[in-house]
Amino acid sequence: MFIVYKSNKLNTLLSIASKIIEKKPLDNIFEKEIFVNDNAILFQYLNIFIANNNGISSNLKLFHPNDFIWKLFKYCLCKKNLKKTFKESTMTLKIMKILNKKKTFKHINITSNKIKKFKFSFLMANIFKKYLFYRPDWINLWEKKQNISIFDKSDEWQMKLWREMIKNDDENIHLSRYHFSNLFYSFQESLNLEVIKRYLPNRCFIISSFALTPSYMQILKKISIYINIYFLYITPSKNNALKNSLMNLWGQYELYYKLYMTDSKKMKIINNFKQNKENNLLNNIKNDLLKDNILKKKD
């Protein structure tokens, strides 16, 4: 089950987590309570918060979203020796070596200046890294040697560069054939109940963060069929009808999660919004956001 708790207060969400831990203890006392977030300082605060509420805080484990997903790949796909080789540094070196070949990518206007060549290679490595996590479908099609219609012909060099990069014809720079894109599709296809019982935790708590990519959300949604995932989602607005231009970005953030959660077959949304009681400027602004009372500035 994918259970979403929405609130405008972090402490409200953490209080919900501490109550779940207290009232529904895990069957195995040695099993860790899993929290997924990219902020280690928040995890320190969480430990203190749970200790104050429950009397003790123990056996909690924090995973960065990247590490949590990678661990799922390693164990659920039975690839315990899996290594991350598609790093920016490795890809940068590989692209530089490709560009040094005389007959390769002549249309890429890179001079013999090594600094410019390095900057271009680093830029492309960064772009490819984003493609892996945000556009795994593109990478998947590229490796199947299928073109993507959204690309102009002038941009096809990116596809060719990727195909050239993943060729392991360099003994000094070896890229594993396992990267996020193909692992993502393998995970979607091969997950089964026996593997779930052996390797996945009984439950985990996800604290919303910008580090959760659409692909990560799809994976979490996939495993929520078998285990309980508590998604602690903090948002300043109750109705998601933000009209202020300053809050448009947050509105896009709301839509981003909504797109990847609403089509889940087993999902429940629970609202826990609370008005701020202390009368001060900051709390008045927060309460206006909560009620969607902040309007567009008049011209």
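Start by selecting cysteine 204. Cysteine 204 counts as buried because its relative accessibility is 0%; buried means under 20% relative accessible area, exposed means over 50%, and partly exposed lies in between (1.4 Å probe, protein chains only). This is a predicted model, where local features need pLDDT of at least 70, side-chain atom pairs count only at pLDDT 80 or more, and totals for chains, interfaces and linings use all residues. Residues are numbered from 1 along each chain as its sequence is written, and side-chain values use heavy atoms, with hydrogens and water left out.

**Cysteines**

Next, pick cysteine 76. Cysteine 76 is buried, at a relative accessible area of 5%. How many disulfides does the structure hold? There are zero, taking a disulfide as a pair of cysteine sulfur atoms within 2.5 Å.

**The whole chain**

Zoom out and colour by secondary structure. The protein chain has twelve helices and six strands. Helices (H or I, at least four residues) and strands (E, at least two) are DSSP runs, numbered from the N terminus. Of the 299 residues in the protein chain, 45% are buried. Now take the contacts between residues at least 6 apart in sequence: 76% of them join residues at least 24 apart. Contact means heavy atoms within 4.5 Å.

**Helix 3**

Select residues 65-76, which form helix 3. Its twelve residues should span 16 Å at 1.5 Å a residue, and the end C-alpha atoms are 16 Å apart, so the two agree. The expected span is 1.5 Å times one less than the number of residues. Show the side chains of Pro65, Phe68, Ile69, Trp70, Leu72, Phe73 and Cys76: these are the buried residues of helix 3. After the helix comes cysteine 78, with a positive phi near 55°.

**Rings**

Stay on helix 3 and pick tryptophan 70 and phenylalanine 73. Both are buried. They sit three residues apart in the helix, so about one helical turn separates them. An α-helix has 3.6 residues a turn, so residues three or four places apart point the same way.

The structure holds 23 aromatic pairs. Rings of Phe, Tyr and Trp (its six-membered ring) pair if their centres lie within 6.5 Å; planes under 30 degrees apart count as stacked, over 60 as edge-to-face and the rest as tilted. Why is the pair of tryptophan 70 and phenylalanine 73 edge-to-face? Their planes stand at 70°, with ring centres 6.2 Å apart.

Then jump to tyrosine 131 and tryptophan 138. Their ring centres are 5.2 Å apart and their planes at 70°, so this pair is edge-to-face. Tyrosine 131 is buried at 14% relative accessibility, and tryptophan 138 is buried at 13%.

Now select Trp70, Phe73, Phe133, Phe180, Phe184, Tyr185, Phe187 and Tyr216. Ring pairs link these residues into a cluster.

For a charge over a ring, go to lysine 61. It lies over the face of phenylalanine 63, 5.4 Å from the ring centre. The test asks for NZ of Lys or CZ of Arg within 6 Å of the ring centre and within 35 degrees of the ring normal.

**Arginine 203**

Select strand 4, residues 203-207; arginine 203 is in it. Arginine 203 is buried, at a relative accessible area of 7%. Its side chain makes a polar contact with the side chain of glutamate 33, at 2.4 Å. A polar contact is a pair of N or O atoms within 3.5 Å; within protein, one must be able to donate a hydrogen and the other to accept it, and residues adjacent in sequence count only if both atoms are side-chain atoms. Leaving out residues up to four places away in sequence, arginine 203 touches residues including Ile20, Lys24, Asn228 and Tyr230.

**Last stop**

Finish at asparagine 100, in helix 4 (residues 88-100). Asparagine 100 is partly exposed, at 48% relative accessible area. Its C-alpha atom is separated by 9.9 Å from that of lysine 114, 14 residues apart along the chain.
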